[in-house]
Each structure stands twice: as C-alpha cells, then as structure tokens.
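Thanks for coming, everyone. Please look at the screen while I walk you through one model.

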Amino acid sequence: MPPAVNQIETHLFCQRRVEHEWLEKYNVRHMAYAPLGQGRKNEMFEHPSLVEIAKAHGKTAAQVALGYLMQSGVIVIPKSVHEERIKENADLFDFKLSADEMESLVKIDMAVPMIGDPENPVMVESAMEW
Ligand SMILES: NC(=O)c1ccc[n+]([C@@H]2O[C@H](COP(=O)([O-])OP(=O)(O)OC[C@H]3O[C@@H](n4cnc5c(N)ncnc54)[C@H](OP(=O)(O)O)[C@@H]3O)[C@@H](O)[C@H]2O)c1
C-alpha cells in the first residue's frame, strides 16, 4: 500500500520535528505546506545561520531553507508567482548540507505554527469555510 501523506505547516521556524517522528512511525509522508513561511516572516531569509550556509554553498537563503527540509525527509511545495523564483525553488539538487549545518538550522526552530494553529478551535472553525 502506498504511504499516506500528511500536509502540515512546516518551515525553518516551525520544523515539526516531533510530528515528523510520529509520521515516520506510521509510514505517513510528511509534506510541508508554506515551506517558506508564506513570506510572512521575512526575517527568516536574513537569519545569520541561514545566510552563512547559503553563502558557503552559493545558494539563496530560500534554497537552503527548502533543501534543509528535504534533507530532513520532508516533501516541500513552495509557491511563487515569479518565474525566476519558481526556477530557484526547483534548483535544490546540487548541494548537501553537512551535519554541522543541519544542526545549526535545527536551532532556528521555534516550534510554533504561525499560519494555522490546529489546536485553536476558532481557527479550525473558520478554516472550514475556506
Ligand atoms: N494544506 C493547507 O492547509 C495549506 C495551507 C497553506 C498553503 N498550502 C499550500 O502550500 C503551498 C505553498 O504554500 P504558501 O504559498 O502558503 O507558502 P510558501 O510557499 O511558504 O511561501 C510563498 C511566499 O514566499 C514567497 N517566495 C516564494 N519563493 C521565494 C523565494 N525563492 N525567495 C523569496 N520569497 C519567495 C512568495 O512570493 P512570490 O509569489 O511573490 O514569489 C510567497 O509570498 C501552496 O501550494 C499552497 O496551496 C496548503
């Protein structure tokens, strides 16, 4: 049977590491929605650790943010209306982050959803109208 997929808000500031372990345990693929934080937290792309790693690999901060998730076993579905960014967001397969780089990005995690809080009933009720 093919694995099921659970699409949940996941990005550098909300990495869902605990949820990821549970999904793996039950053979459910973890798919990140809003893997770039929906552009709401622009400081994400300016985080010093991310900027330093991006520079070292000759990639953009967005590419490293997406590459980090993929290397962590998360499927990413970034969105852009700009052709150049769509290409940029697909150009993720020519670099690999070291264990130290992965560890420094783990530390960025604030572990709090900023788009859709599934534990807030008001939020869940309004989402039913989307
Ligand atoms: N299952 C759910 O409940 C759920 C909820 C939300 C979203 N989603 C899905 O998740 C996917 C992506 O989510 P999203 O659009 O909400 O968030 P996202 O992909 O995290 O962020 C999109 C934002 O990032 C900007 N962006 C894209 N590429 C960039 C780059 N390389 N550098 C800098 N900024 C960049 C975009 O701006 P520009 O467009 O101006 O480039 C846009 O403002 C969509 O397919 C969406 O349908 C699912």
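Helices here are DSSP runs of H or I with at least four residues, strands are runs of E with at least two, and both are numbered from the N terminus.

Two notes on the model. It is predicted: local features need pLDDT of at least 70, side-chain atom pairs count only at pLDDT 80 or more, and totals for chains, interfaces and linings use all residues. Residues are numbered from 1 along each chain as its sequence is written.

To count as paired, two strands need at least two DSSP bridges. β2, residues 28-33, and β3 have two, in the parallel sense. M31 has I75 in β3 as its bridge partner.

Next, the loop between β3 and α4, where I77 lies. Is I77 buried or exposed? I77 counts as exposed, because it has 12 C-beta neighbours inside 10 Å. The cut-offs, with C-beta atoms placed from the backbone: 20 or more others within 10 Å is buried, 12 or fewer is exposed, in between is partly exposed.

Finally, I77 and Y33 sit 44 residues apart in sequence, yet 6.2 Å apart in space, C-alpha to C-alpha.
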